[in-house]
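This report goes through selected local features of one protein chain. The headings below name the topics.

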Amino acid sequence: MCVQNAGRSQMATAFAERERDRRGLGDRVEVLTGGTDPADEVHPVVVDAMAEVGIDIADREPKAITTEELATCDYVATMGCSTLELDPAVGVDVRDWALDDPHGRDLAAVREIRETVESNVVALFDEFSEPAEDQRQG
C-alpha cells in the first residue's frame, strides 16, 4: 500500500500476483492493494516499466484501502509513504520498504525502483512459502 496506489504499490501487486501464481499459492494467498489518497491513474512511466518485463498493468486503476482491510492481512508492505497506522495487537507483519516515488521520474529511475520492488516481493514470498520442488532437491 501507499498514498496514491499509482506506482510502487501497483508494481508490488503485479509482482506478488506473479509470485503467487508461479508458486501455486492461488488458493492460499490473496493480494490486496490500495492507497490512502488514490491518484486518477497508474503512472504511465510505471506502466511502461512493467511492460518491459512482460507484465501489463495498463488497465489497472488506483483504489483506496482502509485500516480495516489492512487489519485482515498477514503481511502489509508499505512503500515508504504510509499514512495509516495499524495497532500492533492485530498481529499484522508490516514492512516499510522505503522506496523512492516513481511519480515524475524518468524510465531509467523507474526501472531501478521496479527492480527493488521485485526483489522485495520475491524475498517476502520466500519467507512464507515452501521452496519449489526443484530447489529442495538441489
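A98 counts as exposed, at 58% relative accessibility; here exposed means over 50% relative accessible area, buried under 20% and partly exposed in between, with a 1.4 Å probe and protein chains only. This is a predicted model, in which local features need pLDDT of at least 70, side-chain atom pairs count only at pLDDT 80 or more, and totals for chains, interfaces and linings use all residues. Residues are numbered from 1 along each chain as its sequence is written, and side-chain values use heavy atoms, with hydrogens and water left out.

A98 lies in the loop between β2 (93-96) and α4 (107-128). Helices (H or I, at least four residues) and strands (E, at least two) are DSSP runs, numbered from the N terminus. The phi of A98 is near 45°, a positive value in a residue other than glycine. T78 is buried, at 5% relative accessibility.

## N5 and the cysteines

N5 also has a positive phi in a residue other than glycine, near 55°. The location of N5 is the segment before α1 (8-22). N5 is buried, and its relative accessible area is 0%.

The count of disulfides is zero, taking a disulfide as a pair of cysteine sulfur atoms within 2.5 Å. C73 is in no disulfide; for C73 the nearest cysteine sulfur is that of C2, 14 Å away. C2 is buried at 3% relative accessibility, and C73 is buried at 17%.

## Helix α1

The end C-alpha atoms of α1 are 21 Å apart, which agrees with the 21 Å that its 15 residues should span at 1.5 Å a residue. The expected span is 1.5 Å times one less than the number of residues. Just after α1, G24 takes a positive phi of about 65°.

Among the buried ones are R8, M11, F15, R18 and E19. The cover over the buried residues of α1 includes α2 (44-51) and α4.

## Salt bridges

How many salt bridges are there? The count is 14, a salt bridge being a side-chain nitrogen of Lys or Arg within 4 Å of a carboxyl oxygen of Asp or Glu. E19 pairs with R23, and their closest N and O atoms are 2.8 Å apart. In this pair E19 is buried, with a relative accessible area of 5%, while R23 is partly exposed at 25%. Both residues belong to a network of salt bridges that links R18, E19, R22, R23, E118 and D126.

Other salt bridges include that of R95 with D93, with the closest N and O atoms 2.9 Å apart. D93 is partly exposed, at 29% relative accessibility. R105 forms a salt bridge with D100, where the closest N and O atoms are 3.9 Å apart. R105 is partly exposed at 35% relative accessibility, and D100 is partly exposed with a relative accessible area of 48%.

Note on methods. Contact = heavy atoms within 4.5 Å.
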